Amino acid sequence: MQCQTSSSTLPGPQFVPTPITIPDPVPQDLQQARQSVGSLPIEKLLQEDEDNDTILHIYAAQGMREYTIAAAERIRELRRLDVKEHRGKTPLLVAVTANQPFIVHDLLMLGADINAVDDKGKTILHLAATYGFLEVIQVVRSIASTVNLEMRDFEGLTPLHCAVFTHNSIHRELNQDSTITTERQDELQHRSNQVAACIKLLVQMGASLSCQDIKSNKTAIHFTVQEGNVSLLKYFLEFSPTRCIEFINMKAHGNTALHMAAGLRNEKNQEEIIKLLLCHGADSSMRNLENDQAIHLVEVGEEGDKIRQLLKKGRITSASTSC
C-alpha cells in the first residue's frame, strides 16, 4: 500500500530564511541621543521605577533605538547592562518581547548576555519562538557563532517546543472555532506563517527533533501529533526523511507518537497523521507501559475500524518519500 498525503500548508523543507539586514542608526539622531543621555546623572540612569524598569528597559520597550544605544553605552561601563525588571527580563529580553530586532542586534553587539533568562527561565530564543518573531531569531543567527538551541526553560521546554506550542494553539483556533471572523482568520493565518518560519529556522540552525521536554518526555513530534497538527508534522517528517527512524518511535512516558495518534478523538486528520507516521517508519507493534499497541487505543466504531485496518497492515511504503 502506498502512502498518499495531502499537500502541506507550510513551505517545503527547502525553505531558506532571508538574511536580515540591519540598517545603521541615523547618525544625527544617535548624536542627539548621546548628548541627551550623556547629560543624565548616573543615579538617573540606574533609577528603577515601581516595576524595576530602568531607563534602558523603557527605551528598548518603546523602540527608541538611538536612545537605547546611547544609554547602553553608558550603562555598560557600570556593568549593569543585564539588570532585570520585575519579571526578570533584561533590557535585551524586553527588546525581544517588544519585537525590536534592530535593538536586539545593538544590545548584543554592545555586550548584552545572549544567555540571560527571565523569571520563567526563558531566553531570547524561547521568547522569540513563542511570539513568532522571526527577525529576532535571524539576528541571533547572524551574530552568535554558537547558541544553545536545546536550553530548557523552567517548564523543561526548548525554544522549538515553545514554537510548536504556539503553532498548535493557532492551529486549534483556526480549525475548531466555528464562530471565527474572516478578519481574525487572516490574523491567525499570518501568525501561523510567522511561527512556522521560526520553527523552520530553528530546525535549520540545528534544533533537535528528538529533544524531550523534562516533565513528559515528549518531543516536538509528540506535541504536534497530540494536537492533530498535520501540516507541521509533515514538515518535521520530510525535513530529514533519512533520519526519521531516529525519533519516530521515541517514547513519552511509554507512548510513541503512533500511540498518541491512535488515541485521538474527533480528529479529522487522524487517518492522514497515522499514514504519515507509518510511512516514515513508525512501528505499530511497539507497546506502551500498559502493554498496549497503538491499535488497542483506537476508538470503537466505523471510523475506528478504518484506523485499525491501517495499523494492522503496519508500515506503509511511499512512492514519494524515502524513509
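The model is predicted. Helix α6 packs against helix α8 with axes that come within 9 Å, and helix α12 is mostly covered.

- Residues 120–152 are 55% helix and 0% strand, with 10 Å between the end C-alpha atoms.

**The α6 and α8 pair**
- Helix α6 spans residues 101–109 and helix α8 spans residues 134–143; their axes cross at roughly 25°.
- Because angles under 35 degrees count as roughly parallel, α6 is roughly parallel to α8.
- The crossing of these two helices, α6 and α8, is right-handed.
- On the α6 side, the contact is made by P101, V104, H105, L108 and M109.
- On the α8 side, E135, V136, V139 and I143 take part.
- By class, the residues of the contact of α6 with α8 are seven nonpolar, one polar and one charged.

**The buried helix α12**
- Helix α12 comprises residues 230–239, and eight of its ten residues are buried.
- The buried residues of α12 are V230, S231, L232, L233, K234, Y235, F236 and L237.
- Elements covering these buried residues of α12 include α9 (159–176), α10 (182–205) and α11 (220–226).
- Also included in the cover of the buried residues of α12 are α13 (244–247) and α15 (270–279).

Terms used
Residues numbered from 1 in each chain as written. Predicted model: local features only at pLDDT ≥ 70, side-chain atom pairs only at ≥ 80, totals over all residues. Heavy atoms only, no water. Helix = DSSP H or I, 4+ residues; strand = E, 2+ residues; numbered from the N terminus. Axes fitted to C-alpha atoms, helices over the stretch in contact; angles between N-to-C directions. Parallel < 35°, antiparallel > 145°, perpendicular 65-115°, else oblique. Left-handed = near helix turned anticlockwise from the far one by under 90°. Contact = heavy atoms within 4.5 Å. Nonpolar A, V, L, I, M, F, W, Y, C, P; charged D, E, K, R; others polar. Buried < 20%, exposed > 50% of the residue type's maximum accessible area, 1.4 Å probe, protein only.
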